[in-house]
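Subject: Structure handover

Hi,

Here is the structure for you to take over. Please open it first, then read my notes below.

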Amino acid sequence: MEKLSLRGFEIYKDLLDFEAQQVLLTAMREVAKGAPMFSPMTPYGKPMRVKMTSAGKYGWVSDRSGYRYSETHPEGMVWPDIPNEALDIWHRVSGSRQMPDSCLMNFYGENARMGMHQDRDERDFSHPVVSVSLGDDGLFRIGHMERGGSTESIWLSSGDVVVMGGDARLTYHGVDKIRFQSSRLLPKGGRLNLTMRIVS
Ligand code: SIN
Ligand code: MN
């Protein structure tokens, strides 16, 4: 494990070994059984390129009325509990004594990406966002607290964990592309990213 800091984001390379990645993946597959992955619509009526689902009290949904946290899946069920394997990671790196109440799981297929954005829909920005990468490598881009300006990028690999907190909590970030089938964790390829948060 190696810990880096990039523009205030703390990056733990290889925090999870392959076995820990497999155990977490199995737990997240159970989450997706209870709350199936879906392709959200953007408020502009275009389907997003990532597929997602959530665990915890609050999940992230998007439809024509906008992006928001919701206590229910679009099909109506409550979200499954956040697996202990994910909570353990939060406890190791977040510096927070409170538990996260949301764990969003995004799946990036071969051509998926995520545009530059801030995570700013939570009530209290003194709590960090903890992001866990599983599967294929993703090129993660970090900007500034305001949109635009220079950026720096880093490849995130399976088992890497990023803490977006402190003064960097509202820093713009995104994922430009993935290296399809660069990891053997997901046999069919693709990248899973978990983000844990205290929403409310
Ligand atoms: C996000 O910012 O929501 C996802 C970051 C990632 O996929 O690494
Ligand atoms: Mn984000």
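First, a term. On a 1 Å grid over the protein atoms alone, a pocket is an open set of points with protein on both sides within 12 Å along at least five of seven lines. A molecule sits in a pocket if more than half of its atoms lie within 2 Å of the grid points of that pocket. By that rule, ligand 1 sits in the largest pocket.

Some housekeeping. This is a predicted model, where local features need pLDDT of at least 70 and side-chain atom pairs count only at pLDDT 80 or more, while totals for chains, interfaces and linings use all residues. Residues are numbered from 1 along each chain as its sequence is written, chains are lettered from A and ligands numbered from 1 in the order written, and side-chain values use heavy atoms, with hydrogens and water left out.

Ligand 1

The residues around ligand 1 (a heavy atom within 4 Å) are Tyr 108, Met 114, His 117, Phe 140, His 173, Val 175, Arg 191 and Asn 193. Strands are DSSP runs of E, at least two residues long, and helices are runs of H or I, at least four long; both are numbered from the N terminus. Strands β7, β12 and β13 (191-197) each supply at least two residues of this shell.

A polar side-chain atom of Tyr 108 lies 2.6 Å from an oxygen of ligand 1. For His 173 the distance to a ligand 1 oxygen is 2.9 Å. For the side chain of Asn 193, it is 3.2 Å. The protein covers 98% of the 260 Å² of accessible area that ligand 1 has on its own (Shrake-Rupley method, 1.4 Å probe).

The manganese ion

Ligand 2 is a manganese ion. Its protein donors (N, O and S atoms within 2.8 Å of the metal, or 3.2 Å for Na, K and Ca; water is not among the atoms, so sites may look incomplete) are His 117 (NE2), Asp 119 (OD) and His 173 (NE2), 2.2 Å away. Their spacing in sequence is H-x1-D-x53-H. His 117 in β7 (114-117) and His 173 in β12 (173-179) are 56 residues apart, so the pair links distant parts of the chain.

Are these two histidines buried or exposed? His 117 is partly exposed, at 22%.

Best wishes

Technical notes: Buried < 20%, exposed > 50% of the residue type's maximum accessible area, 1.4 Å probe, protein only. Polar contact = N/O pair within 3.5 Å; in protein donor to acceptor, adjacent residues only side chain to side chain. 1 Å grid on protein atoms, 1.4 Å probe; cavity = no way out; pocket = protein on both sides within 12 Å on 5 of 7 lines; lining within 4 Å.
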